[in-house]
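Hello,

Here is the structure I promised to pass on to you. Please open it first, and then read my notes below.

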Amino acid sequence: TAVGSYDGVTPGSAFRVAGSSPRVIHITSTAYGPWNQADRMQFVHDDLSGMDNMVIQVRVVDFVGQGRRWATAGLVIRESMDPGARYVGLAVSDSYGALLIGRYTTDSSVSTNHGVVVTGDEDPPIWFRIVKSGDLFRFFTSVDGTEWAQFEEPKVLETMDTTSMVGGLFVGSYSSSYGHMTEAAFDGYTYEAVDFPTAAPTTTTAPTTTTGVVSADIGDVGSYERNRGNATYAANRDVYFVTGG
């Protein structure tokens with residue numbers, strides 16, 4: 001499906017490579033991509049409506065950006081099919097490696113972060129995974145689809161409307177010229193609803209001198225309670241939780 005206006009330019013295509021195992025999806029696009037205040041791109045998508053908690057992932061097998069530095073291909077979750085809809089995604093790019101991309105306010109400009117892929121090279125083949133837990137989105141990369149590492153910091157899209165939510169694979173050429181066709185091949189595309197634990201870990205007051213650990217603020221943190229830090233100890237996990245305002 002084409003997202004947004006292509007200004008009369010051939011939009012692109014998407015097809016499954018016959019006989020491929022695992023299933024390979026090949027997408028081409030001459031459209032600009034998921035940029036500015038309104039997206040224009042080729043999008044292979046699924047209906048994710050009502051999925052408050054879910055995991056979606058894919059492997060980018062190959063990518064050809066034809067030298068267009070912001071040509072991209074990857075995985076996104078969108079609030080809707082509207083061109084200016086909020087979204088979060090992971091993408092490979094022609095010149096900037098792996099990217100975290102997102103529009104966090106409807107009809108606003110897109111934000112990009114060039115994260116560090118600790119699992120290996122940033123070029124395809126590379127796995128992307130997005131984990132949605134309510135309004136919180138976490139991002140992961142992998143070289144083998146088995147061992148995953150966090151990519152960039154989690155993002156929160158407050159009051160994310162899931163009634164029209166969609167997710168899937170996209171390609172954008174960062175050009176509106178037919179001569180700049182961007183293409184990518186994907187496999188291992190899956191998504192599923194999941195149940196996350198809701199119970200908080202058992203906590204106790206942070207130990208003091210008995211273990212040499214003291215919880216206290218250092219310096220002038222102000223008079224407001226929200227500025228003050230605290231520490232707790234999750235006995236069932238042997239983990240200390242420390243916060244600071």
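**Buried charges and a nonpolar core**

Arginine 78 is buried, and aspartate 39 is buried too. Please keep in mind as you look that this is a predicted model.

These two residues form a salt bridge, with 2.6 Å between the closest N and O atoms. Arginine 78 sits in strand β6 (residues 72-78), while aspartate 39 belongs to the loop between β3 (24-29) and β4 (41-47), so the bridge ties together parts that are 39 residues apart in sequence.

Aspartate 39 has another partner: its side chain also meets that of arginine 103 in a salt bridge (2.7 Å, N to O). Arginine 103 is in strand β8 (residues 98-103), so this pair ties together parts that are 64 residues apart in sequence. Arginine 103 is buried, as is aspartate 39. Together, Asp39, Arg78 and Arg103 are linked in a network of salt bridges.

The count comes to four salt bridges. One of them joins the side chains of aspartate 187 and arginine 59, at 2.7 Å from N to O. That pair links distant parts of the chain, with aspartate 187 in strand β15 (residues 182-193) and arginine 59 in strand β5 (residues 53-64), 128 residues apart. Are these two buried or exposed? Aspartate 187 counts as buried because its relative accessibility is 6%, and the limit for buried is under 20%. Arginine 59, at 24% relative accessibility, counts as partly exposed.

Now to the nonpolar side chains. In soluble globular proteins, such side chains tend to be buried together. The largest nonpolar core here has 32 residues, and Ile77 and Phe186 touch the most other members. Strand β5 gives the most to this core, with five residues. If you click on isoleucine 77, you will find that its contacts include Leu48, Met54, Ile56, Tyr87, Val88, Ile130 and Phe137, leaving aside residues up to four places away in sequence. Arg86 and Gly167 are also among the residues that isoleucine 77 touches. There is a second, separate core of 13 residues, and Met41, Ala91, Val166 and Tyr174 are among them.

Glycine 67 is exposed, with a relative accessible area of 60%.

Enjoy looking around!

Best wishes

Note on methods: Residues numbered from 1 in each chain as written. Predicted model: local features only at pLDDT ≥ 70, side-chain atom pairs only at ≥ 80, totals over all residues. Heavy atoms only, no water. Helix = DSSP H or I, 4+ residues; strand = E, 2+ residues; numbered from the N terminus. Buried < 20%, exposed > 50% of the residue type's maximum accessible area, 1.4 Å probe, protein only. Core = buried A, V, L, I, M, F, W, Y, C linked by side-chain atoms within 4.5 Å. Contact = heavy atoms within 4.5 Å.
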